[in-house]
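Work through the exercises below with the sequence and the model at hand. Each task is followed by a solution that goes step by step.

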Amino acid sequence: MTTGAPTSPHPTTRPQRSRLRRYLPLGVAAWLVLEIWLLTLVAGAAGGFAVFLLLVAGFVAGSVVIKRAGRRAFQSLNEALQQGGSPKRGGGNGLMMLGGLLLMIPGLVSDVAGLLLLIPPVQKAVSRYAENALDKRLRTAAPGSFGDAFQQARIHRPDGKVVQGEVIREDDRPEPGEQYPPLTR
């Protein structure tokens, strides 16, 4: 029985997995093992109660950082909307929220990474690296891919007032109760 879909004469082969998809589970497992090992080392040296207090302090500090960064982002957005513009770039609120989230995750390595993300020079360096990596990725996006859609959305004119879209005339609209014409002609 056929469904009308063309079949390939070649046997079905799996597409190549990217390096990230191949090694990410291994990296997460190694990170978890390292976190547990470090917590047991600290618990052996300082005691279980000290580790518990450390984890609770990290959670509280992370929630305070996330709340503060979220409030700052909301105030920036509110001010920009009142002035009729868009919020300034590079506020660092997203990286501060990520730092707070890393502080909230139990573990010492994630706490150190979260604390590093709260330092402004580190935020700027990470932001610059991520922006460059994203720009490079978007420039090399294949036509028709998700990255290509973002590249097309970024196309702009010097006056900044170009909106890509489709014009729909009111006289082409069907009367109430009438159906739209078919999409293919």
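**Exercise 1.** Are α1 and α2 parallel, perpendicular, antiparallel or oblique to each other?

*Solution.* The model is a predicted one, in which local features need pLDDT of at least 70, side-chain atom pairs count only at pLDDT 80 or more, and totals for chains, interfaces and linings use all residues. Residues are numbered from 1 along each chain as its sequence is written, and side-chain values use heavy atoms, with hydrogens and water left out. Two packed helices are described by the angle between their axes and the distance between the axes. The axes of helix α1 (residues 19-46) and helix α2 (residues 48-83) come within 7 Å and cross at roughly 130°. Angles under 35 degrees count as roughly parallel, over 145 as roughly antiparallel, 65 to 115 as roughly perpendicular and the rest as oblique; α1 and α2 are therefore oblique to each other.

**Exercise 2.** Identify the residues through which α1 meets α2, and class them.

*Solution.* With contact taken as heavy atoms within 4.5 Å, Leu39, Val42, Ala43 and Ala46 of α1 meet Gly48, Ala50, Val51 and Leu55 of α2. By class, this contact has seven nonpolar residues, one polar and no charged, where Gly counts as polar.

**Exercise 3.** Compare the annotated "transmembrane region" spans with the model.

*Solution.* The unreviewed UniProt entry places this annotation on residues 23-43, 49-66 and 95-119. Residues 23-43 are 100% helix, with end C-alpha atoms 30 Å apart, and residues 49-66 are also 100% helix, with end C-alpha atoms 26 Å apart.

Note on methods: Axes are lines fitted to C-alpha atoms, for helices over the stretch in contact, and angles run from 0 to 180 degrees between N-to-C directions. Helices (H or I, at least four residues) and strands (E, at least two) are DSSP runs, numbered from the N terminus. UniProt positions are given in the numbering used here, feature names are shortened, and annotations may be inferred rather than shown by experiment.
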